[in-house]
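Here is a short walk through one protein model and its ligand. Look at the sequence and the fold before reading on.

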Amino acid sequence: MKITVATVKPFAPAAVTKIKETAEDAGYEFALLEKYESQDELIEAAKNTDALIIRSDKATKEVIEAGGDRLKIIVRAGAGYDNINLEAASENGIVVMNTPGQNSNAVAELAIGLMVFAARGKFNGKSGTELKGKKLGIHAYGNVGRLVANIAKGFGMEVFAFDAFVPKENIEADGIKALDSADELYSGCQYVSLHIPANEDTKQSIDYDLLTKMPSGATLVNTARKEVIYEDELLKLMSERDDFKYISDIAPDKKAEFEEKYADRVFFTPKKMGAQTIEANLNAALASAKQIINFFENGDTTFQVNK
Ligand code: 3PG
């Protein structure tokens with residue numbers, strides 16, 4: 001039985017070692033494909049393994065079908081699985097899992113760091129502003145949203161959240177004000193931190209109508225996915241409002257246009273950095289390996305996302 005780690009963006013070396021040791025201790029073979037340059041390499045890897053561990057790597061229909069009768073499980077070491085063709089996986093009898101919560105703290109810390117960076121004018125030497133006393137809207141109260149809310153409270157921010165799927169009382173129990181709609185969240189908060197997944201309901205859902213509601217001096221922080229932003233409408237809004245900032249860990253498709261027109265008000269990390277810490281890599285990598293072994297040995301499908 002073989003476990004293959006296939007990641008364009010490598011884990012920290014210690015995390016790879018952890019997966020290798022965990023696999024080999026359980027009597028599994030281990031293979032590594034890192035920094036690959038063509039999708040064909042992932043397809044080749046899928047042909048020769050029983051289990052795949054990936055990050056944002058694209059598990060397309062082609063990759064999944066390449067798995068043939070051998071590939072049984074794909075684990076996305078992380079939270080979002082919009083990079084995996086779940087339908088194709090289900091049709092081919094492949095179990096898909098994620099590792100929820102394992103890299104959340106890293107993403108939450110980055111979201112707060114990006115807020116400070118924006119508030120201080122990207123460290124340009126001029127007077128900036130503070131986060132203390134500002135209203136922060138958490139859009140979706142999952143593992144990351146919850147951690148961002150908690151850290152923001154420590155900064156003295158007034159924290160609100162909206163999540164259509166989390167009962168309000170669960171949010172309020174954390175001392176966060178739960179709101180009834182996204183409209184309400186964006187209307188009241190100078191900072192909004194995005195934590196929604198990318199799916200058919202959310203793609204391009206962060207649009208002009210919603211963003212225009214944000215009060216003066218607004219900053220939108222995106223450590224979620226670029227696909228949830230309606231880029232043309234954000235560009236339109238930024239052309240009308242010179243107080244509006246957009247800071248993201250995932251560069252938009254129209255990055256060049258944003259940077260050319262609004263250099264002082266946008267920032268995009270050169271590579272998605274949210275989950276890129278040794279701690280997050282270790283947590284997600286180890287969880288992935290354990291989930292695979294537990295699946296093969298005990299039939300455990302606790303973290304399956306394509307049920
Ligand atoms: C996730 O969904 O877990 C994060 O976006 C991290 O993605 P990455 O593993 O590709 O950095």
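The model is a predicted one. Around the ligand stand K9, R55, S56, R76, G78, A79, G80, N103, R225, K272 and A275. Sorted by class, this shell holds five charged, four polar and two nonpolar residues. Several of the residues place an N or O atom by an oxygen atom of the ligand. For R55, a polar side-chain atom lies 2.9 Å from a ligand oxygen. R225 also uses a polar side-chain atom, at 2.8 Å from an oxygen atom of the ligand. In A79 the atom belongs to the backbone, an N or O that lies 2.6 Å from a ligand oxygen. The protein buries 95% of the 320 Å² that the ligand exposes when taken alone.

Next comes helix α5, which covers residues 104-119 and so has 16 residues. From first C-alpha to last, α5 reaches 23 Å, close to the expected 22 Å. Its buried residues are S104, A106, V107, A108, A111, I112, L114, M115, F117, A118 and A119. After α5 comes G121, with a positive phi near 55 degrees.

The last stop is the largest nonpolar core. In soluble globular proteins, nonpolar side chains tend to be buried together. The core here has 32 residues, and Y186, I206 and L220 touch the most other members. At least two residues of the core come from each of β7 (158-162), α8 (182-188), β9 (191-194), α9 (208-211), α10 (231-240) and β12 (266-268). Helix α10 gives the largest share, four residues.

Notes. Residues numbered from 1 in each chain as written. Predicted model: local features only at pLDDT ≥ 70, side-chain atom pairs only at ≥ 80, totals over all residues. Heavy atoms only, no water. Near = heavy atom within 4 Å. Polar contact = N/O pair within 3.5 Å; in protein donor to acceptor, adjacent residues only side chain to side chain. Areas by Shrake-Rupley, 256 points an atom, 1.4 Å probe, with all protein chains shown as cover. Nonpolar A, V, L, I, M, F, W, Y, C, P; charged D, E, K, R; others polar. Expected span 1.5 Å × (residues − 1). Buried < 20%, exposed > 50% of the residue type's maximum accessible area, 1.4 Å probe, protein only. Core = buried A, V, L, I, M, F, W, Y, C linked by side-chain atoms within 4.5 Å.
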